[in-house]
Amino acid sequence: MRHGFIKVAAVTPKVKVADTIFNTEQICQGIEEGVKEGAKVIAFPELCISGYTCGDLFLQERLLSSCREGLVKIADFTRGKDALVFAGLPFEREGKLYNVAAAVHDGEVLCLIPKTFIPSYGEFYETRYFRAGNKKPVLAAFDGKEIPFGTNILLKGEGVEGLIIGCEICEDIWAPDGPGISHALAGASLLVNLSASNETVNKDTYREMLVRSASAKLIAGYIYCSSGEGESTQDLVFGGHNMIVENGSVLAKGRRFENQTVIGDIDINRLRMERRRMNTFACGDSPDYQVIPFSLKKEETRLSRTFSCTPFVPENKEEKEKRCDEILSIQSMGLKKRLEHTGCKKVVIGVSGGLDSTLALLVSARTLDMLGTARENIIAVTMPCFGTTDRTYDNACKLTGILGAVLKEVDIREAVTVHFRDIGQSMDNHDVTYENSQARERTQVLMDIANQENAMVIGTGDMSELALGWATYNGDHMSMYGVNAGVPKTLVRHLVRYYADTCQNEKLKGILLDVLDTPVSPELLPPVDGVISQKTEDLVGPYELHDYFLYYMLRCGFEPEKIYRIARTSFAGQYDDEIILKWMKVFYKRFFSQQFKRSCLPDGPKVGSVAVSPRGDLRMPSDACVRVWMEQLEREIS
């Protein structure tokens with residue numbers, strides 16, 4: 001449970017209708033299996049001790065008393081086991097029968113939580129037997145003790161910060177104002193649903209949508225456990241549709257019609273961070289709730305969930321293509337509005353033959369098509385200097401021609417040489433002044449041409465470069481509208497690839513593929529034997545690592561040691577632990593020290609859930625200290 005991960009399980013045992021002895025044995029076996037897998041919260045289906053399909057047998061005293069006997073055995077079985085268990089049974093209190101979930105831990109029944117919404121429609125007729133549960137907890141007699149009984153009960157895991165569990169039963173999630181909503185608003189970060197939802201055609205799709213929606217809306221983890229094989233098939237079939245969901249994302253789910261144990265790792269810390277971030281989530285104490293503590297041993301959870309190496313890029317091909325088309329539309333619509341508002345008819349772009357300027361050029365072409373304006377209004381400026389190679393120069397020129405833009409070449413070698421002479425910079429001193437002077441000269445050229453043409457300079461820098469501060473201040477850092485400002489480098493590559501794959505022009509496709517194959521470089525240092533000598537990723541590290549760090553730091557709020565932990569798994573076999581740690585240190589140092597560049601960014605559209613605009617997502621002081629982040633890297637990891 002270190003770093004907030006807690007392993008949970010949804011277990012659908014085989015049952016025999018009304019055979020509480022058999023069912024109790026199966027539940028105990030399921031507990032054993034869940035504990036063996038490291039699960040700390042284990043859920044079983046609705047009325048699993050008796051079976052959901054008992055019908056009028058629910059009115060029989062023998063069934064009810066045998067269910068209580070079964071629950072005592074289940075409680076005794078949990079003694080010494082480090083897990084909280086939920087199991088369903090019919091329970092009589094003061095002459096009324098309730099459909100309840102029993103919460104059991106370390107030999108004790110902690111509470112009984114009754115079902116709120118009792119269905120009596122279609123194939124359901126539970127009102128024939130059961131009453132709706134009371135909200136405010138009262139005491140109920142069980143096994144010689146008085147225990148809390150009511151829906152407004154939360155279970156708090158001591159030793160696991162933020163782990164607060166609420167429980168609801170089947171129909172409760174289908175109702176418009178189910179108890180899960182109240183539980184979450186009272187502080188529950190993990191919801192458990194004991195269900196007996198039968199199968200009909202396509203019902204599983206709707207059921208999954210309900211669970212995902214509830215989890216997302218309530219910013220909670222959700223364990224959904226449903227009845228399966230063994231229930232009566234007199235009129236219905238139950239499929240055991242189990243799901244582990246976190247904030248709308250399905251972490252694990254079972255195959256229907258196979259009684260399974262489904263395991264998942266809920267990240268409580270991430271849920272806490274998301275609730276902190278979304279200030280419209282009005283979570284607070286409720287006087288009507290009773291909080292029952294239970295203890296769990298603090299240990300490192302063996303993770304079964306995985307974390308994508310490319311969190312900004314969907315792994316599914318269809319979803320990736322949809323995402324790429326949507327982002328290109330967002331970028332184009334942003335630029336379209338800016339051009340319409342300013343009255344600019346033309347755009348100016350510095351084209352280098354690299355990925356970022358290629359994407360900006362493609363977006364500009366798409367924008368002018370949307371405006372119904374000729375592409376000749378795109379002025380693509382190539383500005384060769386000391387580091388320009390034939391490969392990138394040729395690609396920039398060819399790409400401009402095929403897209404129908406106007407190519408303008410301004411060789412800046414002489415201007416930069418004169419500038420070096422003016423400031424006393426040696427041509428042989430290839431330091432940061434040597435590099436940045438070229439970048440600033442290019443920006444001056446673009447701005448002045450834009451003035452001549454009454455045009456707008458389109459920025460080409462991407463979000464990954466902004467995160468690392470890999471831009472020349474008041475050089476390529478500056479533009480009049482930055483179409484790539486919200487796009488991380490790993491996604492830039494896929495956007496260009498998508499454009500190549502979907503375009504009808506084979507020549508254009510060939511150029512785009514060669515751009516994709518070209519090493520990322522600012523080309524500010526002289527080439528060696530005509531080949532790029534300055535490779536960005538050799539200097540600041542692999543962008544796939546930096547984008548990974550960026551996503552899990554900003555979007556998820558993970559601390560350095562947690563990011564390092566999951567990165568070692570995500571990039572196993574690709575990067576050694578020492579390499580990951582090395583570039584993590586570079587990332588944190590640069591991210592904090594370079595905020596001043598992000599504090600004065602040009603306008604640009606946000607395209608995803610992570611952005612670094614000082615006007616929107618990242619209100620960070622330029623002189624914030626990185627010390628406590630680096631201290632953890634040095635102390636906990638090194």
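**View A. Pairing of strands β11 and β12 in the predicted model.** Strand β11 (residues 221-226) and strand β12 (residues 243-246) run antiparallel and are joined by 4 bridges. Strands of a sheet pair through backbone hydrogen bonds, either parallel or antiparallel.

**View B. The open sheet that contains β11 and β12.** The sheet consists of 7 strands, arranged in the order β13-β12-β11-β10-β9-β8-β15, with mixed pairing. Its edges are formed by β13 (249-253) and β15 (290-295), each of which pairs on one side only. From one strand to the next, the twist averages 25 degrees.

**View C. Helix α5 against the sheet.**

**View D. The crossing of helices α7 and α13.** The axes of helix α7 (residues 317-342) and helix α13 (residues 489-502) come within 10 Å and cross at roughly 95 degrees. The two helices, α7 and α13, are therefore roughly perpendicular to each other. On the α7 side, the contact involves K320, E321, C324, D325, I327, L328 and Q331; on the α13 side, L491, H494, L495, Y498 and Y499 take part. Classified by residue type, the contact of α7 with α13 comprises 7 nonpolar, 2 polar and 3 charged residues.

Conventions. Residues are numbered from 1 along each chain as its sequence is written. This is a predicted model: local features need pLDDT of at least 70, side-chain atom pairs count only at pLDDT 80 or more; totals for chains, interfaces and linings use all residues. Side-chain values use heavy atoms; hydrogens and water are left out. Axes are lines fitted to C-alpha atoms, for helices over the stretch in contact, and angles run from 0 to 180 degrees between N-to-C directions. Angles under 35 degrees count as roughly parallel, over 145 as roughly antiparallel, 65 to 115 as roughly perpendicular and the rest as oblique. Contact means heavy atoms within 4.5 Å. Ala, Val, Leu, Ile, Met, Phe, Trp, Tyr, Cys and Pro count as nonpolar, Asp, Glu, Lys and Arg as charged, and the others, Gly among them, as polar. Two strands pair if DSSP finds at least two bridges between them.
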